[in-house]
Amino acid sequence: MTDLRSGRGGIPDWLEPMVRFCSRCGGELAFGPIEGEERERLACPSCGFVCYVNPRLVVTTLPVTESGEVILIRRGIAPGLGQWAQPGGFLEIDETVRDAAIRETLEETGLEVEPGAIVGLYSSVPAAVVVVAFESRIVGGAPAITRESLETRLFAPDAIPWPDIAFETSSRALRDWVARVRPDLPSPDPSTIHRPFVG
Ligand SMILES: [Zn+2]
């Protein structure tokens, strides 16, 4: 099997099955130079179709309670199974970023939120995603265990479980949020941040 990271332009494993065959003629795609293009790309040797592969947008929220605690979920699905992250997921083709933030939060926590300011935008090149994190106000619903979460819990800014955060992008978003709401707190020691998956 081709080495995806070095051989197919950095396409991560999760995306690879979607870009194996030509969506125009069904031929097997090949990675290589394309006339008129500055970088190598996936293209179809049979019909010439070029398959452009770009990072996807993951929309997340940091739901904050009236007393200033953030709600995180313990993930019930891979990647990051059993670890903590903010609710979120891929933007669907027929919704706005704001709609996605509300929908994903409801699906994963049972909470209705009103997305507010963007805490940050975080690229993960290895995972081929861009993660946007909205600070959000809880306006309804009730914390619930869902198909995608094992547990929903409140964390004060000084009690974020840094070593058990699922993704690097989540650690970065939480660090930026803590710096904003509690600038008096020290930044987490980088050595305590566990990164089992580069999401
Ligand atoms: Zn083709």
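Strand β2 (residues 41-43) pairs with β3 in the antiparallel sense, over two bridges. Strands count as paired if DSSP finds at least two bridges between them. Within β3, C51 is the bridge partner of L42. The model is predicted: local features need pLDDT of at least 70, side-chain atom pairs count only at pLDDT 80 or more, and totals for chains, interfaces and linings use all residues. Residue numbers start from 1 along each chain as its sequence is written.

The open sheet here has three strands in the order β1-β2-β3, with antiparallel pairing. Strands β1 and β3 (50-51) stand at the edges with a single partner strand each, so one side of each has no neighbour in the sheet. Helices (H or I, at least four residues) and strands (E, at least two) are DSSP runs, numbered from the N terminus.

R24 sits in the loop between α1 (4-7) and β1 (30-32). This residue is exposed because 12 other C-beta atoms lie within 10 Å; the cut-offs are 20 or more for buried, 12 or fewer for exposed, and partly exposed in between, with C-beta atoms placed from the backbone. Beyond its neighbours within four places in sequence, R24 contacts C44, C47 and F49, where contact means C-beta atoms, placed from the backbone, within 7 Å. The C-alpha atoms of R24 and G48 are 9.5 Å apart, and the two residues are 24 residues apart along the chain.

Values for the chain are listed below.

| Property | Value |
|---|---|
| Residues counted as buried | 30% of 199 residues |
| Contacts with a separation of 6 or more that join residues 24 or more positions apart | 63% of contacts |
| Span of the C-alpha trace along its principal axes | about 60 × 35 × 30 Å |

The chain has three helices and 10 strands.

Conventions
Two residues are in contact if their C-beta atoms, placed from the backbone, lie within 7 Å.
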